[in-house]
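Read the structure below with its sequence at hand. The text goes through it part by part.

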Amino acid sequence: MVAVRDIIITGLLLGGVFALVSVGLSLEYGVARVLNVAHGEFIMLGAFLTFWLFSSVNLNPLVSILVSGVFIFVIGWFLHSTLFRRLMDSSPSLEVFEGQSMLASFGLLYVVQNIARLIWGSQTHQVLFLSRTVTGAQIPLNRLVSLGVVIVIGGAFYFFLARTRMGKAIRASAQDPTTAGLMGVNIHTVLAICFGLGLAMAGIAGTLISTVYAIQTNMGLQYTVIAMIVVVLGGLGSISGAMIGGVILGIVSQLVTYFQPTMTFIAYYAIFIVLLLVRPKGIMGK
Amino acid sequence: MLEVNGINAGYGRIQVLWDMSVNVGEGEFVALVGANGAGKTTLLKTISGVMRPTSGSITFLGKRIEHANPNQIVNMGLSHIPESRRLFTDMSIRENLEMGAYPGRSWKIRRATMKWVFGLFPRLEERAGQLARTLSGGEQQMLAMGRGLMSRPKLVMVDEPSNGLAPLVVTEVFQILKSLHNEGITILLVEQNVRQTLAVADRAYVIENGHLALEGACRMLAASDHVRKAYLGL
Ligand SMILES: Nc1ncnc2c1ncn2[C@@H]1O[C@H](COP(=O)(O)OP(=O)(O)OP(=O)(O)O)[C@@H](O)[C@H]1O
Ligand SMILES: [Mg+2]
């Protein structure tokens, strides 16, 4: 029973983190059309910012969420307003842009990863935060806190999309950017905000990951792969699909890890293939 | 109000519009007619900033807009209701209308504007919470028109609103256009339904293969031999 409870709580946490990472990629790819191969590098950046602030000025990782969220949002917004916007304006079609922006994001991957390696080296680091367990349970407090944070952020983002003017403009632009422009939406601003938000979610996920797992400067790519699986699983461009897909993959990953840790990635691909056979357009795809 | 002057435009290397000039005066109801592929939609897209002309000028309310972005143009009071509706199908009817009121000025008064739009299209109010994709073809066209009015435009360009609708609904669409015109809104209408169009509009332009073929008061055009043969089947 205790094992089952642990699997569920850790699975939900991991699922929440995967959902955050995947919703981020979904904003970058589904809306802004940048298949950002460097997505995971911003998870790494969020994790190391947290580690650095924690080990140098003893900043509480919960505060770091704000720091990495805002800082990485600005990076994303800036990257889109300069690099990706320019690529978009010079591409004759969306297909050409998708190809070029993916190549550009490969470059980004190497730049971010190498800068991080110069600063923090390639050894493993850890943020020891709330690692004591709650009385009477085996669950470390940091996992419960992270799970709470993921739920709050997910809820806040849902509210933002469903209720605010900018949130509606994002949903409209995801469906039909040209028509959103005819409604008065400045499409370049919306795409830059989406790209910034996507990276910020990766950064926040990185902060949460750093409080639970050991971190390394080469940790990013595995999360990029997971996010890509989830985004396809959820249905390309579907933000709610990415959320659901992330939670499912997180729980499955914990189940498999509990019984057979070496099989985790194989299990991801198995789910991926089976779901694509059953629902080729993804969970929420149309 | 709107002056299009010697526009050339196209897609990549293919030129579609040749030296096109169109004028719409304040309070006018002007129509653009022409066969499939004549370039009517391309002209509207060039005016609303979705496409850039390769040469020529476009002036709206005294300001040059041929290099402006669509969002700037709708902010100035020129609304483009696109061909085949282009609704946000995964959003509710209310949210589609809200998107139409996106420009800052109209966003503040969106509730009052929505009341006015619901007055024009009562069926939209009954279904306000439904997703746009669950509407019938006629209702979808009403929503597209309502959405295009939410920015409180001075001039609306409507691209083939009667396309694919049953005759009764087509008549309804034309009646609504007429009542909008009576409310003082300037209209530039693209239509294939030439007979009904010439009956409601003041003036019309006939476009053939990207060139301006004829222009004049609707009454005169309806009497011309060329229009009668080519567009009215008489
Ligand atoms: N996106 C596009 N890319 C390339 N060519 C296009 C594109 N859209 C339209 N065209 C071409 O431009 C010409 C004019 O098209 P346009 O849509 O403006 O005609 P239209 O008068 O609106 O026709 P319809 O009454 O069928 O809507 C056509 O020859 C069409 O094939
Ligand atoms: Mg057309």
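Strand β1 of chain B, residues 2-11, and strand β2 of chain B, residues 14-24, run antiparallel and are joined by seven bridges. The model is predicted, and this should be kept in mind throughout. Two residue pairs show how these strands face each other. B:Tyr11 is placed opposite B:Ile14 in β2(B), and B:Glu3 is placed opposite B:Asn23 in β2(B). The hairpin that β1(B) and β2(B) form has two residues between the strands, and B:Gly12 in this hairpin has a positive phi near 60°.

Strand β1(B) has a further neighbour. Five bridges connect β1(B) with strand β4 of chain B, residues 55-60, and these two strands also run antiparallel. Here B:Leu2 has B:Phe60 in β4(B) as its bridge partner. The pairings belong to an open sheet of four strands in chain B, with the order β2-β1-β4-β5 and antiparallel pairing. At the edges of this sheet are β2 and β5 (63-64) of chain B, each of which pairs on one side only.

The next topic is the metal. Which residues are the protein donors of the magnesium ion (ligand 2)? They are B:Thr41, through OG1, and B:Glu83, through OE, and they lie 1.9 to 2.5 Å from the ion. Is B:Thr41 buried or exposed? Its relative accessibility is 18%, so B:Thr41 counts as buried; the limit for buried is under 20%. B:Glu83 has a relative accessible area of 29% and is therefore partly exposed.

An N or O atom in the side chain of B:Thr42 is 2.5 Å from an oxygen atom of ligand 1. For B:Gly37 the contact is made by the backbone: one of its polar backbone atoms is 2.8 Å from an oxygen atom of ligand 1. B:Glu160 has a polar side-chain atom 2.9 Å from an oxygen atom of ligand 1.

B:Arg86 has a phi near 50°, which is a positive value in a residue other than glycine. With a relative accessible area of 35%, B:Arg86 is partly exposed. B:Arg152, another residue other than glycine, has a positive phi near 55°. B:Arg152 is found in the loop between α7 (137-149) and β7 (155-159) of chain B, and its relative accessibility of 38% makes it partly exposed.

Two further arginines of chain B lie over aromatic rings. The charged end of B:Arg110 is over the ring of B:Trp107, at 4.0 Å from the ring centre. B:Arg147 is over the face of B:Phe88, with 5.0 Å to the ring centre.

Rings can also pair with one another. The distance of the centres and the angle of the planes describe a pair of aromatic rings. Over all chains, the count is eight aromatic pairs. One of them joins A:Phe18 and A:Tyr268: the centres are 6.3 Å apart and the planes are at 80°, so this pair is edge-to-face. It links distant parts of the chain, since A:Phe18 is in helix α1 (residues 2-31) of chain A and A:Tyr268 is in helix α11 (residues 264-278) of chain A, 250 residues apart. A:Phe18, at 2% relative accessibility, is buried, and A:Tyr268, at 3%, is buried too.

A:Tyr268 also pairs with A:Phe265. Their ring centres are 4.9 Å apart and their planes are at 65°, so this pair is edge-to-face. A:Phe265 and A:Tyr268 are both in helix α11 of chain A, three residues apart, which is about one turn of the helix. A:Phe265 is partly exposed, at 31% relative accessibility. Ring pairs join A:Phe18, A:Phe265, A:Tyr268 and A:Tyr269 into a cluster.

Notes
Residues numbered from 1 in each chain as written. Chains lettered and ligands numbered in written order. Predicted model: local features only at pLDDT ≥ 70, side-chain atom pairs only at ≥ 80, totals over all residues. Heavy atoms only, no water. Donors = N, O, S within 2.8 Å, 3.2 Å for Na, K, Ca; no water. Buried < 20%, exposed > 50% of the residue type's maximum accessible area, 1.4 Å probe, protein only. Pairing = 2+ DSSP bridges. Phe/Tyr/Trp six-rings, centres within 6.5 Å; stacked < 30°, edge-to-face > 60°. Lys NZ or Arg CZ within 6 Å of the ring centre and 35° of its normal. Polar contact = N/O pair within 3.5 Å; in protein donor to acceptor, adjacent residues only side chain to side chain.
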